[in-house]
Amino acid sequence: MKFKSITGAKDILPAESYRWQYVEQTFRDLAHRYNFKEIRTPVFEQTELFARSIGELTDIVGKEMYTFEDRSGNSLTLKPEMTAGVIRAFLQHNLGQQQPVTKVYYLAPMFRQERPQKGRLRQFHQFGLEIIGSPHAEADAEIIVMTAEYYSQLGITQAGLKINSVGCEKCRPAYKEKLKDYLRPHLSKLSQDSQRRFETNPLRILDSKDERDRELTIDAPLQKDNLCRECNEHFIRLQEILTEAAVSFTVDGRIVRGLDYYTKTAFEFISPALGSQDALSGGGRYDLLAKELGGGNVPAVGVAGGIERLLLVLEAGGLSAGGEQVPVVYLAAADNESRAWLYGITQQLRRNGIPCDTDLMNRSLKAQMREASRQQVLYTIIAGTAERNRNEVVVKNMERGKQKSVPVNELVDTLTQQLPGTGNAS
Ligand code: HAM
């Protein structure tokens, strides 16, 4: 074979797509129950939108974006995340004028040029939620509670929730200095990455995966212990609501997140089944992003989670991910003259909600019967010239091997009575 998919970009093949549909449908149904409406934004945006939102100095913007110049010389980027595009759309279409709070959800592919490994791809898919317009901890809670509920509905019981507060523009600068004062004597012993981050984003040193960094920062001051009054009250309120909603969590002062736009709440759901890439989802509050993008004062909070990682966890836990859609009826023509006639009947059954399949290869009756068995249908409908002349078909119960003649005008009723969950069957 000449062509292969790009490294880190996977095909979702017919035999596995039902699992995707299951987790996506469960998410959609739940989002609608919480009154979120779907938003779809373009796959590419101006590069500047992401640079401004996510932060010039982050790994995503610095080394992971798929950026290209189009034929008109515009710098465009395949979206590495959704939040920037959602806020861009919110501002562009004045969504805030129509209602005080905008609640949106999405399911979409994202693109980051990371080193592919288990749970880390270059084209991956996210589910996500954003609540735009509310500065209150109730909105943070709504995001977290629905995410927890989603995992619980899927049967994932081991998704641990870690929450933190990363402060705001009032309390963060002083804390940053305090942290730098603590780190300065250890600077030369920190990893290269952390040394680089010392000036640009010292908070990220706290969530370094490097063992030595971890040891050196074990007693480092944390933002959650250095919050201004407003941030502190917000954080406490969030914890109260989560407790009332029976969502368990731990406070982890090292959750910093890899995107620069967060203020106050930052959180992650993690799963031990995922290994080193253990974040099932992550999010937080981003009250300054709209202003950064040229809008007004629009507080917002959201979450996004990887669908591939979700499916890995379902698989590792032996959890159900729905079932494959299969035809329940196969229609087999006994002779060539009856094929078109039988195709008309196939179409009638489908219109009545009965999933069925028929031969598209002009095969012999024997080969068609083999195909019906291979597809494990419950019934095979067989008709040749004799049946056609009597305007009836033979219905064979594949499990019992029994068969009977059924007039065509009674066929839909006969099948729907016997097939639970199809068409008009009540
Ligand atoms: P993020 O932490 O960059 O946040 O990504 C969210 C989730 O997407 C991760 O927890 C992970 O499950 C999944 N993910 C990220 N990168 C990859 C990858 N290369 N391969 C597979 N899965 C991946 C955001 O994207 C923010 N926009 C979340 C947010 C929404 N914050 C506020 N609103």
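Colleague: Which residue lies over the face of phenylalanine 198?

Modeller: Keep in mind that we're looking at a predicted model. Over phenylalanine 198, at 5.5 Å from the ring centre, you'll find lysine 180.

Colleague: And what lies over the face of phenylalanine 36?

Modeller: Here the distance from the ring centre is 4.9 Å. The residue over phenylalanine 36 is lysine 103.

Colleague: OK, rings with rings now: is the pair of phenylalanine 27 and tyrosine 150 stacked or edge-to-face?

Modeller: Searching the whole structure turns up 11 aromatic pairs. In this one, the centres are 5.2 Å apart and the planes make an angle of 65 degrees. Planes over 60 degrees apart count as edge-to-face, so the pair of phenylalanine 27 and tyrosine 150 is edge-to-face.

Colleague: How many residues apart are phenylalanine 27 and tyrosine 150?

Modeller: Phenylalanine 27 sits in helix α1 (residues 17-33), while tyrosine 150 belongs to helix α5 (residues 137-153).

Colleague: Which helix gives the most to the lining of the largest cavity?

Modeller: The search finds 1 cavity of 30 Å³ or more, and the largest cavity holds about 70 Å³ of space. Its lining has 1 nonpolar, 4 polar and 5 charged residues, including Leu57, Asp59 and Arg204. With 3 residues, the top contributor to that lining is helix α7 (residues 192-200).

How values were computed:
Residues numbered from 1 in each chain as written. Predicted model: local features only at pLDDT ≥ 70, side-chain atom pairs only at ≥ 80, totals over all residues. Heavy atoms only, no water. Phe/Tyr/Trp six-rings, centres within 6.5 Å; stacked < 30°, edge-to-face > 60°. Helix = DSSP H or I, 4+ residues; strand = E, 2+ residues; numbered from the N terminus. Lys NZ or Arg CZ within 6 Å of the ring centre and 35° of its normal. 1 Å grid on protein atoms, 1.4 Å probe; cavity = no way out; pocket = protein on both sides within 12 Å on 5 of 7 lines; lining within 4 Å. Points joined across faces, edges and corners; volume = space filled by probe spheres on them. Nonpolar A, V, L, I, M, F, W, Y, C, P; charged D, E, K, R; others polar.
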